[in-house]
Amino acid sequence: MTLKEITNTLPASLIKGAAANLAIQAIGKNLNKKTFLPTLLVGAVGGELSCLSDNKYLSTIIAASVFGGGNALANKASLPRTMLKYAAIGTAGRLMLNIPAAVAKRDTKWIVLEDYHLPKGNLNPKSQWGDEAGCAQATFDSIAEYLGITPTTDFYNDGYDFSILCKKNGFNAYDLSKSEVDGKKKNIPWSVGNYLRMGCPAALTYNNSGVKHIVGINRIIQEKQTIVDKNGNKTEKIRWRIEVMDPIAYGNLVFIPYDEFERGLVTIVKP
């Protein structure tokens with residue numbers, strides 16, 4: 001039996017979980033010969049167990065717990081810190097959120113309707129120092145580098161308010177007001193996207209698994225998917241995807257859950 005034949009007999013969620021955890025370990029720079037097999041097993045278990053719930057929040061918690069705890073054991077690292085770190089990387093990269101969705105949508109296509117991004121290219125990767133602090137300075141350094149300005153602060157060892165950090169460096173920055181949608185205050189993706197198109201970088205401060213975290217917004221994408229049921233009826237779905245430069249993921253460009261973007265605090269930095 002070939003590898004393709006073997007994988008075709010396995011649940012899609014199991015394969016997706018294994019692939020997701022391999023990516024998470026690779027981003028965390030802990031993937032090697034000794035950890036490869038445990039990483040596959042942890043990912044497969046996390047992917048399969050996450051499908052026990054159709055609720056994306058509960059499925060994410062299940063996957064984060066399995067990935068974080070299993071990777072901590074595989075890497076022989078501190079359990080609480082590793083769970084926080086890998087849950088953040090996995091959630092930010094939408095790896096865990098997509099495990100249940102992969103089964104239902106693996107054969108469908110999303111078409112890009114709008115692509116909002118900075119005119120001079122991506123934000124450069126900047127990594128924070130440690131698992132719990134330094135994201136504000138790392139995000140600021142990335143934005144300052146994009147704008148071609150040298151920062152004068154160094155707050156890598158402490159958490160910091162992004163707006164205040166910008167003002168200390170003489171940058172023209174302000175927190176964007178949310179809009180009211182269905183009785184709730186939310187960030188509007190196309191509104192933030194238009195600032196990106198005008199060359200104004202943006203940072204997002206949001207609650208990441210109970211910890212305040214700051215990332216640089218790199219791209220906002222609107223996509224459409226057409227689903228045809230067995231009777232030939234067509235249904236269109238629209239989604240927004242938020243790509244960020246994430247300091248806790250070693251500055252990699254990853255996607256975060258859309259609802260975190262809606263609830264978070266967006267800070268616009270003008271050149």
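Predicted model: local features only at pLDDT ≥ 70, side-chain atom pairs only at ≥ 80, totals over all residues.
A salt bridge here is a side-chain nitrogen of Lys or Arg within 4 Å of a carboxyl oxygen of Asp or Glu.

**View 1. Glu260 and Arg263 pair up inside helix H10.** Their closest N and O atoms sit 3.4 Å apart, so the pair makes the 4 Å cut-off. Both residues belong to H10 (residues 258-263), three residues apart, or about one turn of the helix. Glu260 is buried at 17% relative accessible area, whereas Arg263 is exposed at 51%.

**View 2. Asp115 reaches Arg219 across the sequence.** The closest N and O atoms of this salt bridge are 2.7 Å apart. Asp115 is in strand S1 (residues 110-117) and Arg219 is in strand S6 (residues 211-228), so the contact ties together parts 104 residues apart in sequence. Asp115 is partly exposed at 28% relative accessibility, while Arg219 is buried at 18%. Glu243 joins in too: Asp115, Arg219 and Glu243 are linked in a network of salt bridges.

**View 3. Arg241 meets Glu223 in a salt bridge.** The N to O distance is 3.5 Å. Arg241 comes from strand S7 (residues 234-246) and Glu223 from strand S6, so parts 18 residues apart in sequence get tied together. Arg241 counts as buried at 13% relative accessibility, and Glu223 is buried as well, at 6%.

**View 4. Strand S9 pairs with S2 and with S5.** S9 (residues 265-270) runs antiparallel to S2 (residues 172-175) over four bridges, with Val269 as the bridge partner of Ala173. S5 (residues 202-208) also pairs with S9 in the antiparallel sense, over four bridges; here Ala203 has Thr267 as its bridge partner.

Key:
Residues numbered from 1 in each chain as written. Heavy atoms only, no water. Pairing = 2+ DSSP bridges. Helix = DSSP H or I, 4+ residues; strand = E, 2+ residues; numbered from the N terminus. Buried < 20%, exposed > 50% of the residue type's maximum accessible area, 1.4 Å probe, protein only.
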